[in-house]
Amino acid sequence: MSNMAQNTSQQLASGETREYVTAQIAGQHFGVPVLAVQDVLGPQRLASIPLAPPEVAGALNLRGRIVTAFDVRRRLGLPPADRAKSMSVVVEHHGEPYSLLIDEVGEVLSVPADRIERNPPTLDAHWREVAVGIYRLDGRLLVMLDVDKLLDFAVA
Amino acid sequence: MDDLLSEFLTETNESLATLDVELVKLEQDPNQPGLINSIFRLVHTIKGTCGFLGLPRLEKVARSGENVLGKIRDGAIAVTPEAVSLILRALDRIKELLGVLAATEHEPEGSDAELIAELDAMAASSARPAASVPGPTPAPVPVDASATAGPTASVDPGLGRELKPGEVSLEELERVFQATAGPLAAAVEPAPAAGKAAAEPAAATTPAGANRPTATPESAQPEVGNQNIRVSVDLLETLMTMVSELALTRNQLMQIVREHTDSEFKVPLQRLSHVTTELQEGVMKTRMQPIGNAWAKLPRIIRDLGRDLGKKIDLQMLGADTELDRQVLELIKDPLTHMVRNSADHGLETTAERIAAGKPEVGRVVLNAYHEGGHIIIEIKDDSCGINVARVRQKIVESGLAGAAEVETLSDQQVCMYIFKPGLSTAQKVTNVSGRGVGMDVVRTNIEEIGGTIDMKSVQGAGTAFTIKIPLKLAIVSALIVECRGERFAVPQISVIELVRASREAEHRIETINRTPVLRLRDRLLPLVYLSECLKLVPEGESARAAAEEVYVVVAQVGSYRFGIVVDRVFDTEEIVVKPVAPILRGISLFSGNTILGDGSVIMILDPNGIAAASTGAETQGGQEEQAAQSAAKRGSQQAALLLFQAGGTQPKAVPLSLVARLEEVEVGAVEQSNGCLLVQYRGRLMPLITLDSSYGLKSEGRQPILVFADGDRNLGLLVDQIVDIVGDELNVQIGTERPGFLGSAVIAGKATEIIDVGKFLNQGFADWFGRNVAFGEKETGQRLLLVDDSSFFHNLLKPLLEVAGYKVTTAENADAALHLREEGEAFDIIISDIEMPGMSGFEFVSAVRQEGPWQRTPVVALSSHATPKDFERGRQAGFDDYVPKLDRDALLATLNNTLERSKEAA
């Protein structure tokens, strides 16, 4: 799974299409590579983890596995929302499961890789770091997320 | 890799491990025929298999080794340490070759001619002719065996299956031994001997221990062989995880059923629970291995060490069949080896030293393992010289782990615990084996990683004992569930000693010492940690304490440190499966993992080690502040590093640290009285000891701390009760005193502190004793000196000092006062002036002196805390003859002396 994002960036130039799960956070649409997504969850009870970095929203029990909940809003520098109502997509990063808290999950889209455009250089630094590029849909823009970069926030 | 090859590698490695142990045994007890036979057979098997697999290098080495062993068995060569060493070297070579073989699947290129020649020479050196041994010489044995072990091997009746490569049928073996053994025949009954050898490894295996070797010829007897199979460790690990998950799910189900009292699931669930428990125990057992497996290498290591270091060492291993989890075993293997090595290397003395100390010539290292209530206890004891506490203290200071004053306050036990800190090795010299600064800290880390603790006791001269306590199994632990601010946490039961309920009215009440909470628990004062504070569960500004009427104290123990964790509520204990936390959270030392409880909720597992470290970390913070203060002391002109101590009364006393040469402790018994004075032999000389006042005397027993003031090779000791601290503080003597021996009082570290007058004591110590006025420093008396300094403290400090050194001292408060003295016609031989003074600065003063008047040619020395080369240069340009840093007594006296001599020469 962790290779996914690298593949994504490599294949920006090629003519292949890729499938993305769309998600909404604070009215903005995002794309997460579908192959990276293991689960889509409704609101969950989160156990809080004291002393954890602010991006860590807590931990949850997913069929006997402990999954660390990750607050994408916080990572993107967006105002906090009610975590108890958030949906989440579960991804794996370095063999560990993480659930990315988002507002709402949308549909699955096929996106031709060469149609993904570069980030505008004026994009907020937080966003530039985690976005692979932008895809234009009718009426809305999709920010393509790089899951590995999103979770490698220790370097941020 | 080829199955055949991998099986060969596994078997041969096991055989080699056995060989190491047995050869060492043989060396100690050469007359045990069973042993040499077993050794011979193992080497013989290795050789045979190598021949079959087409590994010529290995085969040649093994054959030559076998020849030597054959001669030993026949009594043609005596069992000497040299012979054993040579065989061991041959085995080491085989191990090397196997290592390469395992990595590349090919025998490495190269030649073992040298080793083989040595082995052959040893075999040929047989004093007695081979004819004296009846029956065939060993040579035919391999021929026989390899013929049998050849690819054409038929089904062996004794085994009921085809012989494996390298295996020799029992019948064949027996025939060979009957033929070869000759004179030994009475002592050796080959078949039972083989049976015994087989029983040895077999006895160490649990019935379910499927991971034991099965295929050495001895253990390949039908009844044993058919019951054991090899299972890969990975498979067992997977099983273990699955069973743990199963147990968790069972717990969850139980929780659900508990809520519905009359559920029809109840009975089948109970059955499921029962089976799960048994299954869990069964799987757990497959992972159990005797601790002897981790010890197998030790006899060899100790033997080699003993030979290298010229020590006689007896290694005793007790409880080798004590079983513990394979994973735990792997983790403690290296620490144990390291500690035994340590004991043998820098613990045990050389034979000569031992005899001199009146101890038995042979040093003992005892390993003992046993079960004790869900733990396995491993003790490593030796009758060495013990840990040199004084040396450790010195090391601690040298390596900067703690300050001198701090170390002085530590008990011997506390000092010993420092050997577990990184960067501290007490080995006098770096040897082959130890003293490289890696070691006990790694040992402790490894042991703590598996939830274990390590403790040590050392008695100087008598020995050292380490006690390692580790949980039997890792995967599932019993944990106490506690609640704090509505959040639940698990505390591993292993570290919990007891639970105490504390409330305002109850017997146990939480008290505070300067905001540090403590609890009186029986005869001890227990330091407390509020979990809510530790985990920052309390909103900013709100106090965690006093909110609750009633709290619980979880008394935990980490090593020998016992403390209480204050929580709001305590629930049940639960069996939990420890899961590592996500990498994002690894940095939080307060958690050792997380788990899912029976009700499905995720919960963090607290790590008492981490809590202890975090809560005592405050001290190190204090240390940093102190350091900051000290560095500030170096910057600020009036700041100085002061040594605080107590001597009679409770009021702290202080002396500038720069005046103190050393801090020492002397045995009270070593203090002698002569001519009405206290003396002690110190560094080959008599050192007078003085007290602050006559009312204060020596301790009645034990060790007496002293401050040593030194001048050249002359020392003076000042008796004190206790060295309290070293602080950097502004020196501002606020209240002068007429009391002899004191300069006055100042506020230091927030307390009124008496500053002692060192000069007075130097005088008392020497001038009176030696019956002359000049004891310290120069013999030239009567040099007139003017000291210009605005600080009365420095006046008070330096004047006696200079007077002791033989100068007639006049002081001036400032430059104007000094120039006024000039106008009055006073003459001096030398002038010392401060730089920073109110009004006219030192530079201006010296310019004024140089410009005109009778002092034009008088040498002037600058006194300053700014001692950079730039300052020196500026001082020289202004007209100073020399420059001395403040508070450096020796430099001051030397400079004065030099300057005076130079000015005399000039004149």
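Which helix of chain B lies across β4 and β6 of chain B? In this predicted model, that helix is α13, made of residues 298-309 of chain B. The strands β4 and β6 belong to an open sheet of 5 strands in chain B. The points below describe the sheet, its strand pairs and the helices on it.

**The sheet**
- The strand order is β4-β6-β7-β9-β8 in chain B, and the pairing is mixed.
- Strands β4 (313-318) and β8 (453-459) of chain B form the edges, as each pairs on one side only.
- From one strand to the next, the twist averages 10°.

**Strand pairs around β9**
- Strand β9 of chain B covers residues 463-471 and pairs with β8(B) in the antiparallel sense over 7 bridges.
- In this pair, D455(B) is set opposite T467(B) of β9(B), and S458(B) is set opposite T464(B) of β9(B).
- A hairpin is formed by β8(B) and β9(B), with 3 residues between them.
- G461(B), in the turn of the hairpin, has a positive phi of about 90°.
- β9(B) also pairs with β7(B), again in the antiparallel sense, over 8 bridges.
- H375(B) stands opposite P471(B), a residue of β9(B).

**Helices on the sheet**
- Helix α13 of chain B runs at about 165° to β4(B); β6, the other strand that α13 lies across, spans residues 363-372 of chain B.
- Helix α14 of chain B, residues 326-347, packs on the sheet and touches β4, β6, β7 (375-382) and β9 of chain B.
- The direction of α14 makes about 15° with that of β7(B).

Key: Residues numbered from 1 in each chain as written. Chains lettered and ligands numbered in written order. Predicted model: local features only at pLDDT ≥ 70, side-chain atom pairs only at ≥ 80, totals over all residues. Pairing = 2+ DSSP bridges. Helix = DSSP H or I, 4+ residues; strand = E, 2+ residues; numbered from the N terminus. Axes fitted to C-alpha atoms, helices over the stretch in contact; angles between N-to-C directions. Contact = placed C-beta atoms within 7 Å.
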